[in-house]
Amino acid sequence: MYGNDFGPAADAPRSDVMDAPLGRVDARDLESDFQAIIDAEGRIEPRDAMPDAYRKSLIRQIAQHAHSEIIGMQPEGNWISRAPSLRRKAILMAKVQDEAGHGLYLYAAAETLGAERADLLDMLHNGKQKYSSIFNYPTLTWADMGAIGWLVDGAAIVNQVPLCRCSYGPYARAMVRVCKEESFHQRQGFEILHSLSNGTPAQHAMAQDAVNRWWWPSLMMFGPPDAESPNTQQSMAWGIKRFSNDDLRQRFIDMTVPQSEALGLELPDSELRWNAERGHYDSGKIDFTELFEVIKGNGPCNAHRMQHRRRAHEDGAWVREAADAFAAKRRTTTDASPTAA
Ligand code: FAQ
C-alpha cells in the first residue's frame, strides 16, 4: 500500500484491500485495513482509505494549527521595526518568516485530505475555525519577544514533537521540519531573556514582567483539562495525539522550571514546588475560564488580530489573482506546445 513507505514497513501487517479486484472491496474491509495500520503504528497516507471522522478531525486540527502559525506572526511582526539592534531585527524577521513557512506546510498537509486552502481561510475569517488562544495577548515590550520564544515556542515544541509520530504521514513529516525550526526559535527567546535578565535592573524587571504575563497563557496553549477535552480520547485512539493535554502541560512545567532558574527569573506561581513522590513539579490552579473566554473571542486582542488578518487577505487578493492568471497562461502554453501529448 502507498501508505506505509515511511512507517515501519518491513514488519507492519498489511491487508490486501488495495490490491483486491474492483468490486471486491467493501467498507468493512477498508475500515479494518485502516485499523490494522493504526494498530501496527504505521502511517496513513493521502491515498489510503480512512474513516470520514478521522479525515475531518485531522482537517480540524491541522487547519487550527496552520491558522495559529499565520496569526502568530502578528504579535512578533509588531516588533520587527523596533528591535534593539540590526542583529535582533534580522533574527526576528527570519523567525516570523519561518512561521509563514510553517503555515504553508500545514495548509498543504490539510490539502492532502481534500480540503481547499481558500475554504479553510474563509472559515478562519468568518470565525468557524479557531487559532491558538496564545496569540490574542499583546506584546507590550521587547522582552515579550524573549518570552514568546522561550515559553510559547517552548510549549509548541513540547506539544508538537509527539506529532512527528502522528498517524497521518503528511502531518507527521511537516512536524519534523517545524520542530527543528521551533527549537531554534525557543533558543533565541531564551537568549533574549538571558541578556535582559543579566542586564541593568530595568532590563531585568522588563524580562520578569514579560514572564509574569506570558506564563499562564502559555500553560493554556495545551488546551482544556483532560476531563473537559472532547477530542483527546478519540484523537489518541487514532494515533493523532500521543499524549493528553494535561500530560503535555506537566511535561512543559517540568522542563521550564529549571530553565527559569538558569535565567534568574521567577515563574509567577507561588505553589510551584518539586514533588519527589510524583517525580513532577506541583503547580497552582490554572484559570481555565480565561482560556474559554479567549477561545470564544473575548481575549485582549482577538478583534484586532482578526481585523488585521482579514485586511491582509483582502490586500493580497491581487497576488492570488496574478498567480492564478500565470498558472492559466502556463497551462495554455503547455497545451499548445507541439510536444504536449
Ligand atoms: N486555543 O478537545 P480539545 C505555535 C479548542 S502553534 C484555541 O482538547 P484538541 C507556533 C480545540 O481546538 C500553536 N483553541 O482539542 C508559534 C477544540 O475546539 P474544536 C498551535 C483551543 O484538538 C509559536 C476545543 O478547544 N498549536 O505556537 C485551544 O484535542 C510562536 C476542545 O479542546 C497547535 O495547533 C487553545 N489553546 O487539542 C507560532 C498544535 N485548546 O476544534 C508563532 C496542534 C483547545 O473541537 C509564534 N494542535 N482548543 O472546535 C493540538 O495539539 C491540539 O489541537 C490542541 C487541542 C492541544 C491545541
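Where does Glu271 lie? I located Glu271 in the loop between α10 and β1 (273–275). I took helices (H or I, at least four residues) and strands (E, at least two) as DSSP runs, numbered from the N terminus.

**Basis of the entries**

I worked on a predicted model, in which local features need pLDDT of at least 70 and side-chain atom pairs count only at pLDDT 80 or more, while totals for chains, interfaces and linings use all residues. Residues are numbered from 1 along each chain as its sequence is written, and side-chain values use heavy atoms, with hydrogens and water left out.

**Loop residues**

I looked up the accessibility of Glu271: at 45% relative accessibility, Glu271 counts as partly exposed. The classes are buried (under 20% relative accessible area), exposed (over 50%) and partly exposed in between, with a 1.4 Å probe and protein chains only. Setting aside neighbours within four places in sequence, I listed Asp282, Ser283 and Gly284 as contacts of Glu271; contact means heavy atoms within 4.5 Å. From Glu271 to Arg165 I noted 106 residues in sequence and 34 Å in space, C-alpha to C-alpha.

I then turned to Glu41, in the loop between α1 (27–39) and α2 (52–71). Its phi is near 60°, a positive value in a residue other than glycine. Glu41 has 45% relative accessibility and therefore counts as partly exposed.

**Nonpolar core**

I defined a nonpolar core as a set of buried Ala, Val, Leu, Ile, Met, Phe, Trp, Tyr and Cys residues joined through side-chain atoms within 4.5 Å. The largest has 76 residues, and Tyr54, Leu58, Ile62, Tyr168, Tyr171 and Trp214 have the most contacts inside it. Helix α6 (residues 143–160) gives the most to this core, with nine residues. For Tyr168, neighbours within four places aside, I recorded contacts including Arg43, Glu45, Tyr54, Leu58, Ile62 and Leu113.

I found Lys95 in helix α4 (residues 86–111). Lys95 counts as buried because its relative accessibility is 1%. Beyond residues up to four places away in sequence, Lys95 touches Glu76, Ile148, Asp153, His185 and Gln188.

Asn302 is in helix α12 (residues 302–315) and, at 8% relative accessibility, counts as buried. I listed its contacts, sequence neighbours within four places aside, as Tyr131, Asn136, Val294 and Gly297.

**Helices**

I examined the packing of α7 (residues 169–197) with α10 (residues 245–263): the angle is about 35° and the axes are 9 Å apart. Axes are lines fitted to C-alpha atoms, for helices over the stretch in contact, and angles run from 0 to 180 degrees between N-to-C directions. Gln186, Phe190, Leu193, His194 and Ser197 of α7 meet Gln259, Ala262 and Leu263 of α10.

For helix α13 (residues 317–336), I checked the length: at 1.5 Å a residue its 20 residues should span 28 Å, and the end C-alpha atoms are 29 Å apart, which agrees. The expected span is 1.5 Å times one less than the number of residues. Of the 20 residues of α13, the number buried is zero, so this helix lies largely in the open.

**Cysteines**

I counted zero disulfides, a disulfide being a pair of cysteine sulfur atoms within 2.5 Å. Cys166 is in none, and the nearest cysteine sulfur, that of Cys164, is 9.7 Å away. Cys166 counts as buried at 0% relative accessibility, and Cys301 counts as buried at 10%.
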